[in-house]
Amino acid sequence: MTLENDLWFNPNKCFINGRWIQSQSGKTLPMVDPSTGETICEIARGNAADIDAAVNAATDALIGEWGQKTAAERGRILTALGQKILTKVDELARLEALDVGKPLKQARADVLALARYMEFYGGAADKLHGDTIPYLDGYTVYTLREPHGITGHIVPWNYPMQIIGRSVGAALAAGNAAVLKPAEEACLTALAFADLARQVGLPEGALNVVPGLGAEAGAALTAHAGIHHVSFTGSVATGSLVQASAARHTVPVTLELGGKSPQLVFDDADIDAALPFLVNAGIQNAGQTCSASSRILVQRGVYDHVVNQMAKCYQNLRVGPALNDLDVGPLISARQQQLVSSFLDQGQDLEVAAKGVIEKDVPNGGFYIQPTLFTNVPATHALARDEIFGPVQVVIPFDDEAEALAIANGTDYGLVASIWSRDGARQMRLARSIKSGQVFINNYGAGGGAELPFGGSGKSGHGREKGFEALYGFTKLKTVAAYHG
Ligand code: TXE
């Protein structure tokens, strides 16, 4: 199956200065459908020359039409883009499902999230302002929030639309011009997004998209002297390279690098309420989620019950092609499939409580993996410490609150955590002492709202996305002190 005829934009070109342009490399890369392993179209293999052209276009945009827009005008364009996206929910969901391999209903939720980010940042654009600061007699002091200038965005393949929404949306709202390098494994909705932005009147050069390989287009973007801020979501290893590269020009970086997020289930928890969250947070998008909950810590009094209930859910999980819209789709690539398989091999001596079921007739070339629930896993085991990025969860027993906290904080990561308990004092104590950028009490993820600041500590990265915090991150603060006597 090829896709080209279904698309309303050019999948094999770069989007630079408001136009579709052939990559200066003259080369393309295959886009593979993870559900079948087949190539569905070719995308541009952008290179350093394309990044250069994109940065030049962004520079011109800031001097020109985009830079002269008021905050309210920027907000109106983003709001219109959100509304435009809502007219394309089915097309965009299908594209994301084919490109990423995620079941249609999950892809659809991502489209709605993208529209919501545009609505949120469209509405926030003209509410971002500085402060006045009481100071010495004879002074008036105030702060101005100014855009960085040109922002670089390196986006992974697991949630292209959501990550573009939260990073590009906030950057544009704050008045920056953006250069986006989507992932080589999944970039079709990034290109579709750019075309929809063009259709609603985003001035040329305000957003440029250069698809291509990380080591080529990505590395060229982070090393470019014309970039003033880099926002990166991806692996710890690549994030470190990105930070080192940006440091050469002392450019600020936001890093979102995933995690090993725990859910802590206490004896007094409402287990029935917890159960869907315990499982879904591990298998959504086949576990390829930065905020996936891959560690379930359960107090011994309810341990057997929770494991039995989770095992029943796992036995009912059905795995198949994205367009069949089952519980779990394929992984993104053969490489990711191998990576997750190697983790499953490391777990050979562990107890397996249950596995999901791969449908009998899935295409041979698809990158499927059986969801697996390991139990009684020592907290020091690799499966309990490392990010797996597949539909694999480990259950770890604990005796008391102190032990639960030690296990929860016992990895290098700190992105998301949740506490399941009816004890208010315990909720408050743990919410303070857990090492995590977000803590949820008696839920997990709270629906992922655009309003909720998100980011990590330790190897989960630094800087905050979403909410107003992202807008602050995409601006630099200037202090003005006027002496008037
Ligand atoms: O990530 P990379 P990969 C984790 C997850 C996964 C592992 C590997 O554990 O198994 O990372 O995935 C671009 N300069 N996450 O290899 O390499 C690349 O083109 C600049 C967690 O896909 O980090 C892509 O656009 N850019 C995660 C993006 O970086 C470079 C999401 C991510 O790729 C580059 C994805 C370079 N030198 C993976 N090299 C999350 N936090 O959600 C690559 N890129």
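I'll go through the site, then the contacts, then the shell around the ligand.

Keep in mind that this is a predicted model. So where is the ligand? The ligand sits in the largest pocket.

Now the neighbours. How many residues surround the ligand? The count is 28. The closest are W157, K181, E184, R335 and E387. By class, the shell holds 14 nonpolar, 9 polar and 5 charged residues.

An N or O atom in the K181 side chain is 2.7 Å from a ligand oxygen. The side chain of T238 has an N or O atom 2.9 Å from an oxygen of the ligand. G234 uses its backbone: a polar atom there is 3.4 Å from a ligand nitrogen.

How much of the ligand does the protein bury? Alone, the ligand exposes 810 Å², and the protein buries 89% of that.

Last point: domains. Domain 1 (4–257 + 462–479) and domain 2 (262–449) each supply at least three residues to the shell.

Definitions and conventions: Residues numbered from 1 in each chain as written. Predicted model: local features only at pLDDT ≥ 70, side-chain atom pairs only at ≥ 80, totals over all residues. Heavy atoms only, no water. Near = heavy atom within 4 Å. Polar contact = N/O pair within 3.5 Å; in protein donor to acceptor, adjacent residues only side chain to side chain. Areas by Shrake-Rupley, 256 points an atom, 1.4 Å probe, with all protein chains shown as cover. 1 Å grid on protein atoms, 1.4 Å probe; cavity = no way out; pocket = protein on both sides within 12 Å on 5 of 7 lines; lining within 4 Å. Sits in = over half its atoms within 2 Å of the grid points. Nonpolar A, V, L, I, M, F, W, Y, C, P; charged D, E, K, R; others polar. Domains from an automatic or database assignment.
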